[in-house]
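Biologist: Please take one part of this model and describe it closely. Then go on to whatever it leads to, and give the cut-offs as you use them.

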Amino acid sequence: MPKKLAMRNTTISHVYLIIAMFVAMIITLTFLMQIQMNALMAVRAYIGGAGVWAKAQKEAILSLEHYALTHDENDYQNYQRSIQIPIGDLQARIALQKPNPDLAMAREGFLIGGNHPEDIESMSDLFLRFQNFSFMTEVIKSWTTGDKLIAELNEEAEKLHQDISSHSINSDTVHTFMIRTNIINQHLTEQENLFSSTLATISRSASHASRNFSYTIALLFTLLGVGISWTIIARIRAIDTVLHNSEAYLRIAATAFESQENLIITDANEVILRVNKAFTENTGYSAEEIIGQTPRLLKSGRHPPEFYKEMWETIQLKGAWQGEIWGRRKNGQIYPKWLSISAVKGAGGHITHYIGSYIDITERKEAEEKIKYIAFHDHLTNLPNRRLLLDRLQQALTSNARSGRKGALLFIDLDNFKDLNDTLGHDTGDLLLQQVAQRLEASFRENDTVSRMGGDEFVVMLLDLSEHHMEAATQTELIGEKTLAILSQPYQLDKYELTCTASIGITLFDGNDQMKDELMKQADIAMYQAKKAGRNTLRFFDNQMQDAITIRTKLDTELHKALESQQFQLYYQIQVDNARRPIGAEALIRWQHPTRGVVFPGEFIALAEETGLILPIGKWVLDTACAQIKAWQNDASTQALVLAVNVSANQFRQADFVSQVQTCVQLHAINPMLLKLELTESLMLKDVDDTIVTMNSLKEIGVQLSLDDFGTGYSSLQYLKRLPFDQIKIDRSFVRDIATDPNDAAIVQTIIAMAKTLGLNVIAEGVETEEQREFLNLRGCYAYQGYLFGKPVPLEQFEAMLELA
Ligand SMILES: Nc1nc2c(ncn2[C@@H]2O[C@H](COP(=O)(O)O[C@H]3[C@@H](O)[C@H](n4cnc5c(=O)[nH]c(N)nc54)O[C@@H]3COP(=O)(O)O)[C@@H](O)[C@H]2O)c(=O)[nH]1
């Protein structure tokens, strides 16, 4: 923690500073005391010296006065000895006052002056240091004056000595001498007093100054000490706070360490130092077992050495790594985890520790796998779904392009599955689909893919077929045939036992520039060909099929446009009675194609049925027919005509078909009896009960119902009895050969008889010859439609034809 470290360093330097300050204070005060002591010693020595000096001077004068009276040479000698002391001091002063003070000479002088040898240094020192200070100049001045007086005294002494030695002395001379020495003595005493009092003053002042200075220094150091101590206290408080916070951090870190995430700390050599509880619970290793080991103990063995090499290189380079990795628990279980490793660096930038944290992603992985499974499998059969098949197909295309081997797609569609679903229910339908899936799975190799597209459609992808087209086709055909055989075996679906066949469309692929969607479409097209070929069979895709599909696609686009651009038109084919009188017409749709001219319904109705476009087309036909009936109301020749329109199965099955018819009838305000709806026989077979309900509702509106193409379907009399038809229309395929084919003649005769029994009208279509008309007439059929009376024509021609009739 750099902040803490910086604070600690600052505090330590403050402590050093305070110690240094006290040392400095002690040294300074000691030094000051030393100076003070020296100064005081020097002052004391000078005061002492002054006493000695004064005493010697007094003794010298006494000895000299005595000598003047006694002329005893001993007295003069005494004078000489006494006067040496002041003269010694004079010598010392002169030596010290030299530009280059002569300390040796000064010492000699001071010694002669009777000063203590130990005082001499401080005396010289005081003199030299302070000689220019005012207080010292006073002293020196007094001293100099004293010295001059001593010199005067000495002159008087020498003169006296000469006078005595030459016996030229008299009482007057002695008297004068005595007066002069007295004067000198008085002056000297004054100077001594001045000298001593000045020194005493200096001593006191120095003492006061020194004490005050010491106090000031001590005060300053104390203040400084207090200031620094204050700072240190503040620092210590701050450190306390930081320490407190650090402890909190440590507590937080310890709590965080014991989090849900699995944590592991190693040293720089990857030796495990610490793990948390989550880790021990997750791996099964106790802390004691794992500490001291390396994370290699946790290796799964699923990653190659390069994986770990790369991982550690990243950590060294970037300081961290994270990724998905397999680990091993103590019980040997391998499991996935999301691992993050961070390198911890010390102050020098070297790695000191590694911290590893990971979360066990076993559950997440399982969930992902489950989601992936759901996304790529069909929930009913558990087979791969379309997405997975396309994925594998893409891979196969890539690998086949390299290997040159062929593959195949088998598009399998169950025959009549919808009928089974409708009649036996969806649960039974589901059971069938599951059993079909099981049979398919059991009969293909493991590397082939059996998938379900949805509904009753399955696609099998075969891999590793021959490189040669024909051989691959033969292999696939055999497999396809086998599959048809397997699927056509009876199924036991709860209480029902039934058989169900399939139609298979096959396309081969080799991976060269082939698109998977295109291949799927090809197999689908081939499957439709198989259906067309009668079901329970297989067909290979060929290019002609592709062309047909291309045309179909184009037609579909154009049909949509045709509806928007009102390119449809109704033609009318006359229906007559046995006296050839017009009784009605059939409205037949035509497409006025902008480039192709008139296009007949045989070319587009089936496609419109498949695509659902028949619904808006049917609505348009109904609306146009009702409008025409209304238009014919104004003319006597047309107002009784019944107009028949074809209704497709999809149109009839619309939930709101009845209300569509009712709305149309009401909107155009027509007599509903003049509208006849032609329903095909096949329409009746599905959901008979619903069909009856719808038909009854239509009958309630008042429209007529005609059973179209009668005889081509199942012609179930059982149903026919229950269905509220007004009319049966004999299909033209029976009419065509009634004169020549006894079977057809018999069928037509039976139909007419049956219709009479059921109380239904009967009309024959496709009447082209008088012979046919006569035959029908003789058998009791009195209504006809066919080229013999008129082809379907546009409205104008139809109305013109009526005028001629
Ligand atoms: N859902 C709808 N289907 C419609 C509609 N209009 C027609 N169709 C269906 O198309 C089928 C073919 O119709 P079309 O080509 O118009 O053929 C009709 C007649 O031209 C033809 N016909 C009539 N008389 C004769 C004849 O003497 N010889 C002969 N070779 N052909 C003849 O029969 C067709 C009418 O048949 P049908 O409807 O069964 O009476 C047609 O069968 C409709 O299914 C439509 O608007 N909606």
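Modeller: The buried residues of H18 are Ile614, Ile617, Gly618, Val621, Leu622, Ala625, Cys626, Gln628, Ile629 and Trp632. Buried means 20 or more other C-beta atoms within 10 Å of the residue's own, exposed means 12 or fewer, and partly exposed lies in between, with C-beta atoms placed from the backbone. Viewed down the axis of H18, these buried residues fall within an arc of 165°, so they line one face of the helix; the arc is taken over the directions from the helix axis to the C-beta atoms. The 19 residues of H18 should span 27 Å at 1.5 Å a residue, and the 26 Å between its end C-alpha atoms agrees with that (expected span: 1.5 Å times one less than the number of residues). Helices (H or I, at least four residues) and strands (E, at least two) are DSSP runs, numbered from the N terminus.

The model is predicted: local features need pLDDT of at least 70 and side-chain atom pairs count only at pLDDT 80 or more, while totals for chains, interfaces and linings use all residues. Residues are numbered from 1 along each chain as its sequence is written.

Strand S18 (704–710) is packed against by the buried residues of H25, as are strand S19 (727–730), helix H24 (732–735) and strand S20 (761–765) (contact: C-beta atoms, placed from the backbone, within 7 Å). Val748, Ile751, Ile752 and Ala755 are buried in H25. Down the axis of H25 they fall within an arc of 95°, so they line one face of the helix. Pro742, Asn743, Ala746 and Thr757 are exposed residues on the face of H25 turned away from its buried side. Gly759 follows H25 and has a positive phi near 75°.

Some strands elsewhere in the chain are also described. Strand S3 (residues 320–328) and strand S4 (residues 334–345) run antiparallel, joined by nine bridges (strands pair if DSSP finds at least two bridges between them). Gly327 stands opposite Tyr335 in S4. Five residues lie between S3 and S4 in their hairpin, and Gly332 in the turn has a positive phi of about 90°. S4 also pairs with strand S5 (residues 351–360), antiparallel, over nine bridges. In S5, Tyr358 is the bridge partner of Leu339. The hairpin of S4 and S5 has five residues between the strands, and Gly349 takes a positive phi near 85° there. Strand S1 (residues 262–267) runs antiparallel to S5, with six bridges, and Tyr358 in S5 is the bridge partner of Asn262.

Key
Contact = placed C-beta atoms within 7 Å.
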